[in-house]
Amino acid sequence: MSIISINNLSKNFGEIEAVRDISFDIKEGEMFGFVGPDGAGKTTTLRIMCGLLNPDGGTVSLFNKNITEARKEIQSQIGYLSQKFSLYGDLSVDENIEFFAEIHTVKDYKKRRNELLDFTKLKPFRDRLADKLSGGMKQKLALACSLIHQPKILFLDEPTTGVDPVSRRDFWKILSNLLKEGITIFMTTPYLDEAERCNRIALMNNGKIIALDTPAKVKESTGIKVIELVVSPLQKAIKILNENNWQVQSFGDRIQIITQSPEEDLEKILEQLRQNNLELIDNRIISPSLENVFIHLIKK
């Protein structure tokens, strides 16, 4: 059953087409990842879904109701965590949650607040001012505030951007537990490793969806493989391969080349390396990552 339905959605800012005729559905209890670089249209789409922007074309329905026609009713059932920390720095953790409980007219919020503080491991810091929290703790507080009214859908706009690795891992544990409770999560992210954790993803670029499915099926659909090489000297090898029009990416001491004919292309590449007196240390053919797929689709 679809809890969110997007049909032919478009949004322009002057001459800029931020969102261009996109359509997709999200099932109840699903974690859906909206993935793409800055300027792809992710945040614009999310803000329209939350009723914060009006679309220029198409429709957005949540709970089988049009967001432009039932905005207040829908907003009472959703939670929203924005890209930037937007809580009150001069209020304590407890006071911020209390403030959001009052906004959502949650009367008996104290039990729920304690549950959320336990859930986010913020209980020892409940009296600390929000401005005095670390980046990861601020995001946990913002999440607690967005959950105080027990929403059915949670919208997260790049929630782990700028957060340290440990806090990022903790944040994902919290999201995993929310999914077990049956909440639906829609998340935008520029991180393709985070997209791997989602039930389904939409890859977005220049306002358009360029792939939509489970992470595994998105990777399978391209039919590509990756030739991975360890070559010395590295920079000379990258220069030569680029000059021969291979689709090259470098990761540390490794070179990755996207191909649809891995065995045949590997022989050609090895010959080019030999002709240029480059030392081949290791080579293998591997399945593509989401990052490989995304770059391939953009260049394609």
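This is a predicted model: local features need pLDDT of at least 70, side-chain atom pairs count only at pLDDT 80 or more; totals for chains, interfaces and linings use all residues.
Follow the chain into the turn. The hairpin of β9 and β10 has two residues between the strands. One of the residues to look at here is Asn 206, with a positive phi near 50 degrees. Most residues other than glycine have a negative phi.

Now step back to Asn 205, which is placed in strand β9. Asn 205 counts as buried because its relative accessibility is 16%, and the cut-off for buried is under 20%. What does Asn 205 contact, leaving aside its neighbours within four places in sequence? The contacts are Pro 37, Ala 40, Ile 210, Phe 294 and Ile 298.

Positive phi values turn up in other loops as well. Phe 63 is not a glycine, yet its phi is positive, at about 55 degrees. Phe 63 sits in the loop between β4 (57-62) and β5 (65-66). With a relative accessible area of 18%, Phe 63 is buried.

Glu 158 is another non-glycine residue with a positive phi, here about 45 degrees. The loop that holds Glu 158 runs between β7 (153-157) and α6 (165-180). Glu 158 is buried too, with a relative accessible area of 5%.

The last stop concerns a peptide bond. Most peptide bonds are trans. From Ser 232 to Pro 233 the bond is cis, with omega near -5 degrees. Pro 233 lies in the loop between β11 (225-232) and α9 (234-243).

Conventions: Residues are numbered from 1 along each chain as its sequence is written. Side-chain values use heavy atoms; hydrogens and water are left out. Two strands pair if DSSP finds at least two bridges between them. Helices (H or I, at least four residues) and strands (E, at least two) are DSSP runs, numbered from the N terminus. Buried means under 20% relative accessible area, exposed over 50%, partly exposed in between (1.4 Å probe, protein chains only). Contact means heavy atoms within 4.5 Å.
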